[in-house]
Amino acid sequence: MDLAYNEEYEAFRAEVQQFLKENKSKAPKGRAGWGNPDEESKAWQQLLIKHGYAARTIPKEYGGYGAEPDILKNHIIAEEFANAKVRPGHSGDARLVPVVLELGTEEQKHALVGPTIRGEMTWCQGYSEPGSGSDLASLSTKAVLEGDEWVINGQKIWTSGAQYADMCFCLVRTEPDAPKHKGISYLIFTMDTPGIEVRPLVTMTGEAIFNETFFTDVRVPKEQIIGKRGEGWFVANATLKHERGSLGDPNQLEARFRALVSILKNEKIDGKPLIEMPLYRDQLVRLQARMLSMKYNGMRILTASNNNKEPGLPRWIVKLVGCELNHQMAALAIDAMGELGVLYDESPYLRDYGMWQRNYMLDLGLIIGGGTAQIQKNMIGERALGLPKEPKLKAS
Amino acid sequence: MEFALSEEQRMLQDSITGYLESKCTLDEVRQAAEDNVTKPSDVWQGISELGILGIVIPEELGGVGLGFLDAALVAEALGRAVAPVPFIGSSIMAPVALLNAGDERQKETWLPKIASGDTVFGVGVSEQIGRRETDGIVSSAGKLTGKAMFVVDGLDADMLIIADDNGALHIVDANANGVTRQKLKTIDKTRALAEIIFEDAEAELLPRSEKSNEALLKTIDAGRIMLAADSMGASDVMIEKAVAYAKERKQFNRVIGSFQAVKHMCAEMASELEPCRSLLWYAAHSMNHIPEESRVLACHAKAHLSEVGRFVARTSTEVHGGMGFTDLLGLHYWFKRIGLDRQLLGAPELIREEAAVAQGW
Ligand SMILES: Cc1cc2nc3c(=O)[nH]c(=O)nc-3n(C[C@H](O)[C@H](O)[C@H](O)COP(=O)(O)OP(=O)(O)OC[C@H]3O[C@@H](n4cnc5c(N)ncnc54)[C@H](O)[C@@H]3O)c2cc1C
């Protein structure tokens with residue numbers, strides 16, 4: 001156990017701090033929104049890539065900074081940006097870029113990675129279908145090879161950002177006679193391909209975050225496939241692994257906890273701050289213990305990864321526990337606000353721009369999306385604890 | 001940056017766990033419980049030979065001079081084995097009190113004896129956390145009068161460290177005139193808690209505890225971290241047993257672990273407990289290395305493991321069906337160990353209030 005960073009890392013931290021001091025003013029304010037990045041965001045991202053604070057380990061030839069992988073340095077960057085309250089950079093699309101780098105052809109890497117990490121090419125994920133959610137491998141949108149083109153027909157749903165995205169990475173059934181996991185391919189195409197229709201779906205927060213996406217005779221060049229024909233399920237699992245890591249992120253938990261403390265200090269009933277009332281204090285301290293335990297759990301994962309060890313159980317639980325904890329923090333904030341807690345949109349008296357109600361709903365979306373809580377528990381039970389799978393029903 | 005146990009720490013863990021698995025089996029625990037023994041001589045002998053009784057005592061005073069994280073690993077191993085031996089009071093809280101408040105002579109007299117296992121200390125500080133069933137303990141002219149409840153390791157103790165009403169700490173001979181002990185029968189037959197009445201009993205002040213309650217608080221913090229560690233070990237075992245049972249017990253022609261209701265109970269237990277391990281490591285580490293955070297962290301470790309421990313204890317029992325409810329299976333030893341850890345040195349509600357105060361809330 002040694003929580004100190006050595007000289008090399010402290011020097012690196014100082015560098016990041018210096019950079020932030022000098023460049024903070026160029027960073028876009030607030031969080032990145034739902035749509036495509038604006039010019040200011042793209043310029044900021046370019047600057048971060050140039051200094052190695054975004055797309056850090058992506059090879060130079062594909063447009064990244066080209067540093068050796070070093071998990072601790074990534075962690076220091078994230079920490080310092082969070083402390084300075086400066087918008088961090090990104091590595092393009094965390095679901096897609098690692099997959100292209102791992103499984104794409106040389107041509108694909110050159111064509112896709114650079115523009116994606118610069119924010120010039122944005123993506124949506126075409127996986128879920130009306131009939132295939134948790135049981136994703138049962139998906140039925142199909143693609144048939146006709147000459148040099150795939151012809152896609154079917155429907156996707158819950159496609160986040162499809163209304164803005166330039167590109168889609170999509171799972172389609174190409175081998176109808178193969179067993180379900182072996183009949184899927186991973187295709188990529190531009191969203192302006194004729195035959196794609198996107199209908200935004202308004203979510204419970206009132207925003208159109210995701211969409212229904214319809215495909216009618218959509219023609220995609222044959223080589224726009226990642227991995228081999230019929231191997232799409234395994235390609236997709238490589239992406240899910242990356243996506244899962246980011247949901248329930250402990251840095252975000254800590255930031256939310258701090259905001260919760262502020263709410264409890266600032267909100268008063270008859271002049272008395274809620275944080276002085278035993279029932280609220282008790283719940284706050286309970287949540288703090290959970291938040292801290294997830295923070296240290298994150299440090300444990302970090303150490304294991306840094307030593308090239310598989311973190312095991314500590315990693316398996318992050319999505320389930322982290323998303324739930326976020327949700328509980330939002331719930332306490334809403335309760336602490338009492339009747340004011342229901343205010344929304346641009347109502348007078350609104351606290352924190354209405355973020356608590358919004359997060360309370362969005363968190364539920366994250367508890368459901370990217371593998372539901374129940375599916376997480378199945379995976380923890382089966383893969384981490386070694387419990388047997390449920391017996392399969394005979395196909396009817 | 002390395003947030004993990006060291007090679008030495010894993011070896012320490014393995015050697016103690018290995019020893020206890022072979023020499024402190026459930027049969028031994030059951031026998032001791034039936035005989036009303038909380039310090040069976042063979043197990044006591046064995047763990048004193050392992051050197052763990054002096055784990056936090058400096059080497060020049062006969063101990064091994066390790067940190068609280070190492071000590072927590074020992075407490076965890078003892079919790080795993082539901083081992084009926086004095087440890088938290090005698091080998092952790094008493095040394096912390098002596099090291100932080102004692103003078104040189106007191107330290108030189110008692111610490112080597114604790115480390116060697118020649119002297120067992122009981123520690124009575126519960127009145128400083130919340131006074132019940134007692135009017136407290138008054139110290140006057142080198143004598144104590146009053147009643148201490150739930151003295152940790154108190155029944156097997158040769159010597160005592162007792163906090164008076166002002167929070168000052170005193171050494172008292174457990175067999176001196178004016179000291180009467182009574183066993184408090186608890187749910188947990190592996191622990192020795194006592195009620196001790198003092199009537200003008202001869203007491204020796206630990207001088208550095210007279211004007212500051214720093215030493216008292218450190219003693220309580222250390223005790224709480226060890227109780228949390230004990231619950232960690234006991235909860236780990238309860239999950240392992242539930243998972244093993246779920247893989248083997250069949251109903252409706254299938255193992256019960258393939259039923260989602262059972263699988264999810266197991267997954268929930270694991271998901272709740274696993275982050276506690278990191279919280280515990282951090283809290284124990286902070287006692288030596290980040291003292292400015294250790295008060296709050298000790299509170300969190302104790303309170304949070306109390307909550308998670310309770311959840312694991314009832315859920316694991318449920319996974320075992322009727323068998324879980326029997327004496328025969330013995331699962332209840334872990335259930336009760338966790339139950340006692342929760343109440344001792346402050347139940348979670350009280351401790352969370354302390355954590356809030358310590359943060360200026
Ligand atoms: C905010 C948000 C954004 C999303 N973005 C995208 C996106 O960009 N691209 C995309 O492709 N998809 C996206 N999704 C879809 C998401 O991945 C699915 O919603 C999710 O996988 C669940 O599928 P489903 O909605 O069909 O629910 P279902 O699978 O129908 O589940 C309904 C209920 O049944 C339970 N259930 C199902 N199977 C089991 C089982 N085996 N054991 C126990 N319980 C089970 C579930 O846990 C759930 O409670 C998004 C979803 C949300 C909420």
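Colleague: Which residues are closest to the ligand, and how many surround it?

Modeller: The ligand is surrounded by 18 residues, and the closest are S128(A), S134(A), W158(A), S160(A) and T372(A). A residue counts as near a molecule if one of its heavy atoms lies within 4 Å of it. This is a predicted model, in which local features need pLDDT of at least 70 and side-chain atom pairs count only at pLDDT 80 or more, while totals for chains, interfaces and linings use all residues. Residues are numbered from 1 along each chain as its sequence is written, chains are lettered from A and ligands numbered from 1 in the order in which they are written, and side-chain values use heavy atoms, with hydrogens and water left out.

Colleague: Why is the ligand said to lie between two domains of chain A?

Modeller: Domain 2 (123-231) and domain 3 (248-384) of chain A both give residues to the shell, so the ligand lies between them. The domain bounds come from an automatic or database domain assignment.

Colleague: How many residues of the shell are nonpolar, polar or charged?

Modeller: The shell has 5 nonpolar, 13 polar and no charged residues. Asp, Glu, Lys and Arg count as charged, Ala, Val, Leu, Ile, Met, Phe, Trp, Tyr, Cys and Pro as nonpolar, and the others, Gly among them, as polar.

Colleague: What makes a space a cavity, and how many does the structure hold?

Modeller: On a 1 Å grid over the protein atoms alone, a cavity is a set of points where a 1.4 Å probe fits but cannot get out. The structure holds 3 cavities of 30 Å³ or more. About 180 Å³ of space lies in the largest cavity, a volume being the space filled by probe spheres set on the points, which are joined across faces, edges and corners. Its lining comprises 21 residues, those closest to the centre being V85(B), F87(B), I88(B), D153(B) and R191(B); a lining residue has an atom within 4 Å of a point. By class, this lining has 14 nonpolar, 2 polar and 5 charged residues.

Conventions. 1 Å grid on protein atoms, 1.4 Å probe; cavity = no way out; pocket = protein on both sides within 12 Å on 5 of 7 lines; lining within 4 Å.
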